[in-house]
Structures are given as structure tokens and as C-alpha cells.
Amino acid sequence: MSATNASSLTDSMDIKVVQQHAQSSSSSSCEDGNPFGAVIRRAGGLLHSVCAKWGPLADKAKQCLLKNKGLGRSTNSLFDSAASASAAAAVLSLPLCSASLSLGKDDCGRSSRGGDSGNVGSLRTDQYMPVSRGPGKRRGSHRRKGSGIQFVQQQVGEEEERVLISEILIQNKDGQNLEDSELLATAQQALKACKPNFALTTSEVQEDVHRIIDTGFFSSCMPSAEDTRDGVRLIFKVEPNQELKGLVCNGANVLPTRVVENAFRDEFGKVVNIQRLNKVLDTLNGWYRDRGLFGQVTDVEILPDGVIRVQVAEAEVHNINIRFLDRKTGEPTVGKTHPETLLRQLTTKIGQVYSLQQGRRDVETVFTMGIMEDVNLVPQPAGDTGMVDLTMNVVERVTGGFSAGGGLSGNGISNGALQGLVGSFAYSHRNAFGRNQKLNISLERGQIDSMFRINYTDPWLEGDDKRTSRAINIQNSRSPGTIVHGIRRDGPSSGPLHGGVTIGRLMAGVDYSRPLRPKWSGTAGISFQRAGARDEHGQPKVVDVNGGPLTFSGQAYDDMLVAKLETVYMDSGDNGSSQLVFNTEQGLPLAKNWLFFNRINVRARQGLRVGPVRCIASFSGGTVIGDLAPHEAFPIGGTNSVRGYDEGSVGSGRSCIVASGEISVPLIGPVEGAIFADYGTDLGSGHTVPGDPAGVRGKPGKGYGYGAGIRVDSPLGPLRLEYAFNDNHARRFHFGIGYRN
């Protein structure tokens with residue numbers, strides 16, 4: 001009866017292992033000289049003795065045994081190492097269900113072979129990785145768990161027969177007991193359906209084979225059944241994975257060695273577990289994904305000596321092309337911009353591993369040049385090279401044009417709205433000579449203010465690898481002398497507030513700027529300036545209404561050659577922003593009567609967000625050593641200084657310090673509410689200015705203000721409307737555009 005049960009069990013468990021997109025498993029036959037023929041013959045005799053009781057069932061079992069006498073079957077796994085597992089299914093030469101672990105296969109359906117019988121196999125993904133703007137689907141990573149294997153059970157009957165199992169053993173592929181007690185315990189714990197003295201079906205045995213493989217510690221599992229005196233013995237012959245002793249990583253040019261070592265650190269000296277190996281490989285792929293790099297693990301192979309070989313594919317940039325598109329039709333056209341002007345802006349270079357994040361930054365950089373209406377970067381495969389070709393599609397803006405307008409100058413509030421009205425006319429060209437060079441010519445004219453300016457900027461000098469820019473400026477301006485030489489509002493005079501003094505300035509200079517390091521930039525320049533005072537009729541004037549000097553030299557104007565150095569730090573983060581500006585100007589007395597001085601300015605601002613609340617603290621200060629014209633003194637008070645005071649009403653000194661604090665909260669949409677407090681002082685230096693204009697006008701030299709206001713975001717920057725009180729209990733409205741200086 002036990003032979004009948006073993007035959008019924010094994011005959012009903014004719015399971016095939018097939019591979020997706022590959023050839024089905026083949027069968028091989030053994031010779032008639034099967035050493036187990038005697039067992040089969042004895043089982044046949046036993047069937048005759050119980051024929052009367054078991055009837056047709058016994059005849060069917062006997063025919064099945066005789067038919068399969070000497071027959072042996074094996075299943076071909078995806079790897080030679082799995083195929084090297086025991087080919088015989090059982091002592092009765094009838095196959096039970098078997099399984100082997102495959103790490104993957106290529107897209108053509110070819111099985112990935114480790115080559116040596118000791119290999120677990122190799123992870124194979126497509127050698128061609130599709131390139132797109134968004135992160136692509138990680139192809140092949142799901143195959144590491146053997147998802148390419150399907151178990152197909154032959155239909156034996158409508159209802160599976162059950163066979164009583166008397167004993168269950170777990171052995172290695174050579175039929176010996178497992179030496180590693182932990183592996184033995186792992187395999188035993190994986191058996192959920194198969195238990196001694198239970199009647200089992202083929203499907204239940206097959207499910208436990210899957211469970212053993214799914215532990216990740218075994219490369220193959222071959223179940224077999226044999227007849228014993230006590231009944232049917234079920235044996236699971238497993239092949240454990242090797243112990244990890246070494247690691248080789250090929251093709252990783254940008255993947256740091258420490259990342260690979262850290263990922264595998266906990267696996268060394270342990271039996272390779274495919275589940276844990278999957279997580280390790282996902283860690284490596286995640287490193288590429290988090291940085292937007294086109295790279296991934298494409299192959300994993302366990303060598304006979306316990307060394308894992310990891311193959312990485314990284315898509316390098318093969319070529320970069322610029323394609324100009326027509327603004328109306330979208331068809332390719334001839335552009336006015338030199339392609340080299342755009343290519344030099346890109347941080348992505350030929351031969352680098354393509355980074356999606358870096359590509360996005362390059363698109364943003366080209367767009368912020370201001371000469372393109374639309375920019376996009378399209379990566380495409382470079383044939384069969386495994387590399388990437390990049391095509392940047394750009395649509396050019398209209399590069400030049402005239403504009404006209406009107407507005408209110410910064411002095412409008414101090415001198416009256418009508419006197420502050422100005423009209424403007426300008427011509428600009430954003431892309432001179434097709435090299436992103438900027439030309440701006442502007443004229444502003446009001447009743448008091450006037451300015452004519454020519455500015456020519458080359459954002460990146462040709463042949464320079466430090467991104468050095470050059471700006472050439474020519475300017476002729478006139479502005480009221482209200483801040484330093486204006487009359488007091490509470491005084492008896494009925495004349496204009498600027499005291500009949502306007503300051504004229506002619507300037508020509510050149511500045512060179514470049515990034516110094518991340519978040520830092522520097523500027524060096526030199527300029528010639530001629531500044532002097534005139535009355536309301538445009539005639540030169542050397543003293544003000546109080547008899548104080550208007551120039552340092554005592555002549556109609558002061559000449560100076562000024563060398564400038566400036567360093568700027570800018571940082572903007574999610575929790576706030578920081579700014580630090582250090583500026584120094586040195587007057588060079590290359591000719592007689594040219595001013596000789598050193599002027600130092602420092603500005604700092606720190607922002608901090610705490611939930612929806614934004615806090616800003618700012619500081620500015622400066623001093624002048626040497627020659628100083630009165631109109632060059634530091635003014636204190638006003639919209640960008642101490643609010644609650646009129647422009648320059650706190651004082652004007654050779655030195656100054658101004659500090660401010662603000663707290664703002666969002667109200668509705670782009671509108672914010674704010675409270676603030678300011679303090680400013682000339683550090684007692686007002687009397688050191690020639691003529692002591694602040695002392696003559698009774699300015700206190702120090703003061704504070706506080707108040708509240710609203711902010712409205714706009715394309716020009718924050719629009720600020722504020723109402724402030726000062727320490728003399730005076731009140732003022734202030735209107736400003738942009739952040740405080």
C-alpha cells in the first residue's frame with residue numbers, strides 16, 4: 001500500500017518549470033538499467049496481493065509504475081548552477097515539483113547563466129536604458145526574485161489525491177544532512193503544509209518548495225519521495241547559497257566606493273540571502289535615483305569563491321546639440337544666438353554621466369539669461385552605445401526694443417509728489433552680437449531729478465573659465481540735495497526743501513564680477529567721478545543757504561578716481577535667507593586736487609521662518625577715512641533707514657550704524673502684515689563732516705522708530721506701505737519697493 005501511495009503521489013506531481021520568453025524545460029530519460037528497478041518490481045508484487053481490495057485503483061497504480069520503470073526526469077533551471085542540482089526526482093524515478101532561483105534574464109528571453117555550477121546566477125537588465133526627462137522605471141530589478149519562473153502543474157484529474165507522508169527530511173543536493181543548523185532551521189520553518197503523518201497533495205508540496213526558495217538562502221530545491229518500511233518519506237534536497245567573502249563592482253564611475261562598501265558591509269561573512277541582496281541593490285539604485293543620475297545595477301553574479309560581482313551601467317553624455325525653433329510654427333530655424341554662448345552655460349558636459357537634476361538646472365540657467373522664450377532639454381539614446389545624446393530646444397525672444405513710461409522718483413515723497421514726477425525713455429538690446437551681451441540706454445527726466453545712463457554688460461567674457469562678467473557704465477545724473485543740505489520742514493523758509501541745492505554727478509567706469517565660491521561673489525572696478533553742486537537754475541554753487549561748503553575742494557566740483565572692491569554672500573533656504581555685503585572704495589589721488597579717501601560699507605540681513613511667521617534682522621554701517629565732500633556723508637533716517645523720520649532727518653555723519661527688526665505674518669493671498677522697529681546713529685561723527693550740515697540743521701544724530709505695515713508681493717519685489725512713529729512722537733507714512741538696503 002505504501003508503494004501505491006508513493007506512486008500515486010509522484011505520478012500526480014509531474015510538475016514542469018518553465019521560463020517566460022524561453023524554451024520550456026526538457027526531459028531526459030535514463031537507461032533501462034535503473035538501479036531502483038528491484039524496488040519497482042517489489043511494489044508491483046505488493047499491488048497484486050491487494051488487488052481484490054483496491055480493484056481498479058491498484059491496477060492503475062501498477063500500470064503507472066511499469067510504464068515509468070527506469071524513467072528519470074529533470075528540470076532545467078535558468079542557470080547551470082540550478083541545473084546541476086539533483087536531476088532524479090525520487091527513488092521511484094518519478095519527478096516531484098522542483099524549483100531553482102534565477103536572479104534574472106535579458107529581454108530577449110535568453111537565460112542568464114552563471115557559467116559555473118557554483119554560481120547562483122547573474123542579474124540581467126536591458127543594456128539600453130531609455131532616457132527621459134522624468135525618472136524612468138527601474139527595469140529588471142523585479143526579476144531578481146525569480147519572477148521569470150512559472151510553475152505549471154499537469155492536470156492529473158479533477159481532484160488531487162492525497163498521500164500519507166510518514167517522514168520529512170531536508171538534505172543537501174548530495175543527499176547529506178545540512179551542516180549549517182541555522183539554514184536547516186530556516187528551511188524547516190518554511191514548511192507550512194508538509195508535516196509528518198499528514199496526507200499531502202502535489203500542490204501543497206509545491207507551495208512549500210516555493211516557501212523554501214522564498215527564504216532567499218537557497219539557489220535550488222528538489223523534492224523527492226521514496227518508499228520505506230514505515231511509509232512514504234518526503235525529501236527536500238536544497239542547495240544553499242555561498243558565503244559572501246568578497247565584492248567586485250565594475251562600471252561605477254560616479255558611484256562612490258564607500259557607498260558600495262557600506263551597502264554590503266552587513267552581508268560579509270554571511271550566507272548570501274537573495275531577499276537582503278535585493279535590498280542592497282535597491283540601495284545602490286536609490287543612490288542614482290536620488291541624484292537624478294542615469295545609472296543602475298544591471299548584472300549581479302556570485303562567483304564560486306563566494307565573491308559577488310556587481311555590474312553597473314552609467315549612461316554618459318555622447319553629444320549636446322542646440323536646436324532653434326520658430327516662435328510661431330515650432331519648426332527648426334536658424335537662430336541669432338551663437339550656439340557656443342548657450343553651450344558654455346551648461347554644467348552638463350560630454351563624457352559625464354547624465355544627471356536629470358543637473359539638466360533641470362541647466363535649463364533654468366539658460367532661461368534666466370533672458371534671451372529665450374522657451375527652453376527644454378530632450379535626452380535620447382545615442383544608437384547602441386549605451387550613451388545619451390542631448391538636444392536643447394530653444395525659442396528666442398525679441399531681443400531689442402524701445403520703451404517709455406513715467407513714475408515717482410525716490411525724492412518725490414520728500415519734496416512733494418509733483419516735484420518727484422519723472423518720465424523715462426529707454427532702448428535695450430538683450431542679445432547684442434548674438435553673445436548674450438546687454439546694451440541699455442535710458443533717459444529719465446523730472447522737475448528736479450534727471451539721469452542719462454549707458455550700460456553695456458558682457459555676462460561672461462569669452463575665453464574665461466571663471467564666469468567673469470564685465471559692465472561698462474557711463475552716467476550723468478542730477479538729484480536734489482535734500483538729504484544733507486535740505487532745509488528744516490519746521491523752519492521759517494518758504495523755499496524748496498532741497499535748499500536750492502542739486503548734486504550733479506558725471507561718472508564713467510568698468511566693473512568685473514565673478515563667482516568666488518558657492519554663494520559668494522566678488523566685484524572689482526574702477527571709475528572716474530566728477531561731482532558738484534548747482535542751484536535751481538543750473539549754475540555752479542559752492543556754499544549752501546547756511547554758508548556751509550558743498551564740495552571738499554572748495555571749487556565748483558570734486559574729481560576722484562575710485563577703485564572698488566566688493567564681496568557678496570547670498571543664501572536662500574526653506575527656513576530663511578542670509579545676505580552679507582562688504583564694500584570698500586579707495587580714492588586714488590593721481591592728479592592734484594583729486595580726493596584721497598577710503599570708504600567702507602557693511603550690510604547684513606538674516607531671515608528666519610518659524611511656521612508661517614517670518615523674522616528679519618538687518619544691520620548696516622560704514623565709515624569714511626580721509627577726504628569727504630559733505631554730500632557724500634552717510635544719511636540716517638527715512639524709508640530704508642530709520643522709519644518714522646524723514647529722509648536724512650536723524651543725521652548725516654562720517655560714520656553710521658543702522659539696525660532693524662521685523663516680524664511679518666501672512667494675511668490674505670500675497671498680502672502680509674508686519675511690525676518693525678529701527679534704530680540709527682552717526683556715532684557722534686556729524687560734526688566731522690565739512691560745514692557740520694547735520695548740526696547746523698539741528699539733527700539729533702541718533703533716533704529710533706517703530707510701527708506697522710503691509711507687504712504685497714509683486715514682480716518688482718515686495719511693495720511696502722508702512723506707518724511709523726519716532727522717538728519725538730512724530731508720525732509718517734512710508735512707501736517702498738523691494739527689501740530694505
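Predicted model: local features only at pLDDT ≥ 70, side-chain atom pairs only at ≥ 80, totals over all residues.

**A strand, its neighbors and beyond**

Visitor: Okay, and how do E18 and E19 pair, parallel or antiparallel?

Guide: Antiparallel: E18 pairs with E19, which covers residues 469-480, over 9 bridges.

Visitor: Which residue in E18 is the bridge partner of Ser 442?

Guide: That one is Arg 453. The strands E17 (residues 437-446) and E18 (residues 450-458) pair in the antiparallel sense too, over 8 bridges.

Visitor: How many residues are between E17 and E18?

Guide: There are 3 residues between them, and the two strands form a hairpin.

Visitor: Let's look at loops. What is the phi of Asn 436?

Guide: Phi is near 65° there, a positive value in a residue that isn't glycine. Most residues other than glycine have a negative phi. You'll find Asn 436 in the loop between strand E16 (421-432) and E17.

Visitor: Is Asn 436 buried or exposed?

Guide: Buried: its relative accessible area is 4%, and the cut-off for buried is under 20%.

Visitor: What about Asn 593, what is its phi?

Guide: Asn 593 also isn't a glycine, and its phi is positive, about 75°. Its loop runs between strand E24 (576-587) and strand E25 (597-610). Asn 593 counts as partly exposed because its relative accessibility is 46%.

Visitor: Changing topic: which residues have the most contacts inside the largest nonpolar core?

Guide: Those are Ile 212, Leu 234 and Phe 236, in a core of 24 residues. Two or more residues each come from strand E4 (163-172), helix H6 (181-190), helix H7 (202-214), strand E6 (218-228) and strand E7 (231-240). A second, separate core has 22 residues, including Val 259, Ala 263, Val 297 and Val 353.

Visitor: And on the surface, which residues form a nonpolar patch?

Guide: The patch is formed by Val 665, Leu 667, Ile 668, Ile 710, Leu 716, Leu 721, Phe 733, Phe 735 and Ile 737, with about 910 Å² of accessible area together. Strand E29 (655-668) and strand E33 (731-737) are the elements that give two or more residues to this patch.

Visitor: Where is Ile 737, and why does it count as partly exposed?

Guide: Ile 737 is in strand E33. Ile 737 counts as partly exposed because its relative accessibility is 49%, and partly exposed lies between the buried cut-off of 20% and the exposed cut-off of 50%.

Notes
Residues numbered from 1 in each chain as written. Heavy atoms only, no water. Pairing = 2+ DSSP bridges. Helix = DSSP H or I, 4+ residues; strand = E, 2+ residues; numbered from the N terminus. Patch = residues over 30% accessible without salt bridge, like charges linked within 9 Å, V, L, I, M, F, W, Y side chains within 5 Å. Areas by Shrake-Rupley, 256 points an atom, 1.4 Å probe, with all protein chains shown as cover. Salt bridge = Lys/Arg side-chain N within 4 Å of Asp/Glu carboxyl O. Buried < 20%, exposed > 50% of the residue type's maximum accessible area, 1.4 Å probe, protein only. Core = buried A, V, L, I, M, F, W, Y, C linked by side-chain atoms within 4.5 Å.
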